[in-house]
Amino acid sequence: MENVIERFLRYVKIDTRSDPNSGKHPSTAKQFDLLNLLAKELEDLGCINISLSEEGKLFALLPATI
């Protein structure tokens, strides 16, 4: 299993800087790079009903195991 530090370092390498002049959220398309990575990781963990909104809200359901 991947080390927490390795995962964190992978996340912080993604450029997620905002654009204060964009007037929208997320303010740059590149912010979706991190969101898409997180969505894929949630899927790999067994989550279902994963959805990512245009506003950058990521939702997932982790099914019960019992």
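**Charged pairs and a helix**

Guide: D44 forms a salt bridge with K40, and their closest N and O atoms are 2.6 Å apart. A salt bridge is a side-chain nitrogen of Lys or Arg within 4 Å of a carboxyl oxygen of Asp or Glu. This is a predicted model, in which local features need pLDDT of at least 70, side-chain atom pairs count only at pLDDT 80 or more, and totals for chains, interfaces and linings use all residues. Residues are numbered from 1 along each chain as its sequence is written, and side-chain values use heavy atoms, with hydrogens and water left out.

Visitor: Where do D44 and K40 lie?

Guide: Both lie in helix α2, 4 residues apart, which is about one turn of the helix. Helices (H or I, at least four residues) and strands (E, at least two) are DSSP runs, numbered from the N terminus.

Visitor: Is D44 buried or exposed?

Guide: Buried means under 20% relative accessible area, exposed over 50%, and partly exposed in between (1.4 Å probe, protein chains only). D44 counts as exposed, at 53% relative accessibility, and K40 counts as partly exposed, at 43%.

Visitor: How many salt bridges does the structure hold?

Guide: Side chains of opposite charge can pair when their charged atoms come close. The structure holds 5 salt bridges. R7, R10 and E41 are linked in a network of them.

Visitor: Which residue forms a salt bridge with D15?

Guide: R17 does, with the closest N and O atoms 3.1 Å apart. The side chain of K30 also meets that of D15 in a salt bridge, at 2.9 Å from N to O. K30 and D15 both lie in the loop between α1 (4–12) and α2 (31–44), so the pair ties together parts that are 15 residues apart in sequence. D15 is partly exposed at 27% relative accessibility, K30 is partly exposed at 32%, and R17 is exposed at 61%.

Visitor: Which residues of α2 are buried?

Guide: They are Q31, L35, A39 and E41. Seen down the axis of α2, these buried residues fall within an arc of 165 degrees, so they line one face of the helix. The arc is that of the directions from the helix axis to the C-beta atoms. The buried residues of α2 pack against α1, β1 (48–52) and β2 (58–61).

Visitor: How is the length of α2 read?

Guide: The expected span of a helix is 1.5 Å times one less than its number of residues. α2 has 14 residues and reaches 21 Å from its first C-alpha to its last, close to the expected 20 Å. After α2 comes G46, whose phi is positive, near 100 degrees.

Visitor: What does the side chain of Q31 reach?

Guide: A polar contact is a pair of N or O atoms within 3.5 Å; within protein, one must be able to donate a hydrogen and the other to accept it, and residues adjacent in sequence count only if both atoms are side-chain atoms. The side chain of Q31 reaches the backbone nitrogen of S27 at 2.8 Å. Q31 is buried, at 14% relative accessibility.

Visitor: Where is S27 found?

Guide: S27 is in the loop between α1 and α2, and it is buried, with a relative accessible area of 10%. A polar atom of the S27 side chain lies 2.7 Å from the backbone nitrogen of D19. Contact means heavy atoms within 4.5 Å. Leaving aside its neighbours within four places in sequence, S27 is in contact with S18, D19 and S22.
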